[in-house]
Structure formats: C-alpha cells, structure tokens
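This report is written for a reader meeting the structure for the first time. Please look over the sequence and the model before reading on.

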Amino acid sequence: LPHVPVIGLTWGRVSPQLLSLPPVDIILGSDVFFDPKDFEDILTTIYFLLEKNPHAQFWTTYQVRSADWSIEALLCKWKLKSTPIPLCSFGADKEHLASSSLPGRHTIEMMIISLAQPGGT
C-alpha cells in the first residue's frame, strides 16, 4: 500500500520521523510484548502517538509467554485502556493459521489499546 506510511522506530524514543507522521487511525503491533523490560517503552511510545491522535487505536497481538507478565499497571500509569479481542470473533482461533503453525499450542491474545476516558478505565 504505497499511501500507508511505514517507519521504523525505537520504543521509548521520539524520533523526527515519529514527530513528522501525519495523523493516524490505527497503529499495528505484532508480538511487541515479547520482553517485560520493554513494556514501558512500548506503552510510552503508544501513549505519545495516541495523545497526538486521540481517536486512534493500537491493535496488537502477542504470545502469552508467562502468566506473571502483565501490562495492567502500566496501562493505568499511562492512562490507557485495553479491550480484549477474542480470536474466535474472526476465525483466528485455529491451530494453524495462514499457513503458519502459530498459534498451534501457544496462547495468542489480541487487544486494542486506546486512551482511557477521563474518569473511566
């Protein structure tokens, strides 16, 4: 899609390319919640983008690697909310998907992160 801007970024850093992005509606992130040490940098960057684009959403999928890893406290800290999207709601809850062995026996989750409304969650 030639009209869709795609830029590389470093989580937690606001680059000139990030600052010069035109308005966005959807930010896609696949398996970005891989290492807990990066979770806050990821959400800091997402918060920055959502503040610039209050109606935008961050759509992300991730593989559950540990039941102890959570972003809930960071979502509250950055005034963000998440809405889980069941994979079965669009037929993605199969053992093999799009010629890939994922999800296979792995647990894959999807969520949409957006700005929390004042006084909301």
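This is a predicted model: local features need pLDDT of at least 70, side-chain atom pairs count only at pLDDT 80 or more; totals for chains, interfaces and linings use all residues.

## Salt bridges

The model holds two salt bridges. In one of them, the side chains of Lys37 and Asp38 meet with a nitrogen-to-oxygen distance of 3.3 Å. Lys37 is exposed, because its relative accessible area of 63% is over the 50% cut-off. Asp38 has a relative accessibility of 25% and counts as partly exposed.

Glu40 and Lys77 form a salt bridge as well, and their closest N and O atoms are 2.5 Å apart. Glu40 belongs to helix H2 (residues 39-52) and Lys77 to helix H3 (residues 72-77), so this pair ties together parts that lie 37 residues apart in sequence. Glu40 is partly exposed at a relative accessible area of 27%, whereas Lys77 is exposed at 52%. As a general point, side chains of opposite charge can pair when their charged atoms come close.

## The second largest pocket

The second largest pocket contains about 280 Å³ of space. Its lining is made up of 17 residues, and those nearest the centre of the pocket are Tyr62, Trp69, Ser70, Ile71 and Met111.

Three strands each give at least two residues to this lining: strand S2 (57-63), strand S3 (80-84) and strand S6 (108-115). By residue class, the lining of the second largest pocket has nine nonpolar, five polar and three charged residues.

## Lys81 in strand S3

Lys81 is part of strand S3. With a relative accessibility of 28%, Lys81 counts as partly exposed, because this value lies between the cut-offs of 20% and 50%.

Along the chain, Lys81 and Leu115 are 34 residues apart. In the model, their C-alpha atoms are separated by 6.1 Å.

Ser15 sits in the segment before helix H1 (16-19). Is Ser15 buried or exposed? Ser15 is buried, because its relative accessible area of 18% falls under the 20% cut-off.

The side chain of Ser15 is also joined to the side chain of Gln17 by a polar contact of 3.3 Å.

Technical notes
Residues are numbered from 1 along each chain as its sequence is written. Side-chain values use heavy atoms; hydrogens and water are left out. A salt bridge is a side-chain nitrogen of Lys or Arg within 4 Å of a carboxyl oxygen of Asp or Glu. Buried means under 20% relative accessible area, exposed over 50%, partly exposed in between (1.4 Å probe, protein chains only). Helices (H or I, at least four residues) and strands (E, at least two) are DSSP runs, numbered from the N terminus. On a 1 Å grid over the protein atoms alone, a cavity is a set of points where a 1.4 Å probe fits but cannot get out, and a pocket is an open set with protein on both sides within 12 Å along at least five of seven lines; lining residues have an atom within 4 Å of a point. Grid points are joined across faces, edges and corners, and a volume is the space filled by probe spheres set on the points. Ala, Val, Leu, Ile, Met, Phe, Trp, Tyr, Cys and Pro count as nonpolar, Asp, Glu, Lys and Arg as charged, and the others, Gly among them, as polar. A polar contact is a pair of N or O atoms within 3.5 Å; within protein, one must be able to donate a hydrogen and the other to accept it, and residues adjacent in sequence count only if both atoms are side-chain atoms.
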